[in-house]
Amino acid sequence: MEYLVIIISTIFINNIVLAKFLGICPFLGVSKNTSTAVGMGGAVIFVMVISTIMTYLVQHYILIPLDIAYMQTVTYILVIAFLVQVVEIVLKKVSPDLYQALGVYLPLITTNCTILGVAILVIQNNFNLLESVIFAIGNSVGFTLAIALFSSLREQLDTADLPEYMQGIPAALITASILSMAFMGFAGLV
Amino acid sequence: MATTNYKENFLNGIIKENPVFVLLLGCCPTLGVTSSAINGIGMGAATAFVLVMSNLAIALVKNVIPDKVRIPAFIVIIAAFVTVVQLLMEAYTPALNEQLGLFIPLIVVNCIVLGRAEAFASRNTVFASMLDGLGMGIGFTLALTLLGTIRELLGSLSVFGVKLVDADGMLVFILAPGAFITLGFIIAVMTWLKKRKPAHS
């Protein structure tokens, strides 16, 4: 039950993009069409779950025993950057199909703040390993849901007749605002 | 040549290449922390510090770092300065630190910092890089403060925490949707001003 609450609250109520404002750059940057948006979402789900497990283990078995928790930021970003490289190499060898689908998005993920953000939030919330994994799954699915919905809205925007100065980013931001308002309707669900 | 260039380095980031309104970099903290003007200034100052220091450090060591590992090296330098900011803010401004929370460590992945390191500091002199960092930092701070002021004014009818009218504002501007819509309209106004200018002059 407790796990279900984590999943629902991370996907709908505290959606990482629309309520917590993490990962806005890819949210605006790779949402011009639905297939790339879903590809990016898939890559984020994949990397976020693995990186959350890795950083959780690093925090509890290296940083805390050595009493250097203040090195968190430096260590995490290195772990994530390293991990993204490894995932890229392994994926290329093991599953060329998956690599074809996610490959181009992987390098972009190092600077996607959702990954580092979730890794830090897990520690701040004092989650155990299982809760952390579920939290990561919920958040990355929430990211994918938000970016997929947003990209299909943006595809419609392309054909809309807008004033010149509203085209592109301003219209996209206002659309995001309405989407975010819609997600606020989920508040109080849990 | 040198003096005018320095001035240009500095001013570039404030107006012509404003990181938020023109380059659209660093959107996460821009939207996330600007529910009030004070938060905007705090976040801007923290980012400006990291920008100046990391630009300075990277310009100093740029010739020593092998080209292939340049990005990881930059990230480690930036992360080190972010840790410095984090510890300083925890010690001296605990209230602000509480407000900004997660967004302080996330300066590491703010695209402005790495972007300037890669685009400017890795191929310019130490002094020019510092000025560039300062200009970008001030531009970022101004953008965040503007956004924060507008949202605070509409959302709680106050400016810098001082209540102007004793009534409830539009709560939605403090909440998430307000951030998106305010930034959307600011960028639209900017584009409109830019488009209008040539016709008048």
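The legends below accompany a series of close-up views of a predicted model.

**View 1. The contact between chain A and chain B.** In this predicted model, the contact between the two chains draws on 31 residues from chain A and 35 residues from chain B. On the side of chain A that touches chain B, at least two residues each come from α2 (24-29), α4 (72-94), α7 (113-124) and α9 (169-184) of chain A. Among these helices, α9(A) gives the most to that side, with nine residues. Sorted by class, the residues on the side of chain A that touches chain B comprise 25 nonpolar, five polar and one charged.

**View 2. Helices α1 and α8 of chain A, which cross at roughly 30 degrees.** The axes of α1(A) and α8(A) come within 8 Å of each other, and the angle between them makes α1(A) roughly parallel to α8(A). Their crossing is right-handed. From α1(A), the residues Tyr3(A), Ile6(A), Ile7(A), Thr10(A) and Ile11(A) take part, and they meet Glu131(A), Ile134(A), Phe135(A), Gly138(A), Asn139(A), Val141(A), Gly142(A) and Leu145(A) of α8(A). The contact of α1(A) with α8(A) is made up of eight nonpolar, four polar and one charged residues.

**View 3. Helices α8 and α9 of chain A, which cross at roughly 135 degrees.** Helix α8 of chain A, which covers residues 129-158, has an axis that comes within 10 Å of the axis of α9(A). At this angle the two helices, α8(A) and α9(A), are oblique to each other, and they cross in a right-handed sense. On the α8(A) side the contact is made by Leu149(A), Phe150(A), Leu153(A), Arg154(A) and Leu157(A), while α9(A) brings Ala171(A), Ala172(A), Thr175(A), Ala176(A) and Leu179(A). In the contact of α8(A) with α9(A), eight residues are nonpolar, one is polar and one is charged.

**View 4. Helices α4 and α6 of chain B, which cross at roughly 130 degrees.** In chain B, the axes of helix α4 (residues 70-92) and helix α6 (residues 111-119) come within 10 Å, and the crossing angle makes α4(B) oblique to α6(B). The crossing in which α4(B) passes α6(B) is right-handed. Here Phe74(B), Ile75(B) and Ile78(B) of α4(B) meet Val113(B), Leu114(B), Ala117(B) and Glu118(B) of α6(B). The residues in this contact of α4(B) with α6(B) comprise six nonpolar, no polar and one charged.

**View 5. The largest nonpolar core, seen around Val50(B).** This core holds 103 residues, of which Leu116(A), Val50(B) and Ile78(B) touch the most other members. Helix α7 of chain B, spanning residues 126-156, gives the most to the core, with ten residues. If residues up to four places away in sequence are left out of the count, Val50(B) touches Ile78(B), Phe81(B), Val82(B), Val85(B), Ile107(B) and Val113(B).

View 6. Most residues other than glycine have a negative phi.

**View 7. Phe82(A) in helix α4 of chain A.** With 14 C-beta neighbours inside 10 Å, Phe82(A) counts as partly exposed. Phe82(A) and Thr110(A) stand 28 residues apart in sequence, and their C-alpha atoms are 9.0 Å apart in space.

**View 8. Val165(B) in the loop between β2 (162-163) and α8 (176-200) of chain B.** Val165(B) is exposed, as 9 other C-beta atoms lie within 10 Å. Between the C-alpha atoms of Val165(B) and Leu153(B), which are twelve residues apart along the chain, the separation is 9.9 Å.

Terms used:
Residues numbered from 1 in each chain as written. Chains lettered and ligands numbered in written order. Predicted model: local features only at pLDDT ≥ 70, side-chain atom pairs only at ≥ 80, totals over all residues. Contact = placed C-beta atoms within 7 Å. Helix = DSSP H or I, 4+ residues; strand = E, 2+ residues; numbered from the N terminus. Nonpolar A, V, L, I, M, F, W, Y, C, P; charged D, E, K, R; others polar. Axes fitted to C-alpha atoms, helices over the stretch in contact; angles between N-to-C directions. Parallel < 35°, antiparallel > 145°, perpendicular 65-115°, else oblique. Left-handed = near helix turned anticlockwise from the far one by under 90°. Core = buried A, V, L, I, M, F, W, Y, C linked by C-beta atoms within 7 Å. Buried ≥ 20, exposed ≤ 12 C-beta atoms within 10 Å, placed from the backbone.
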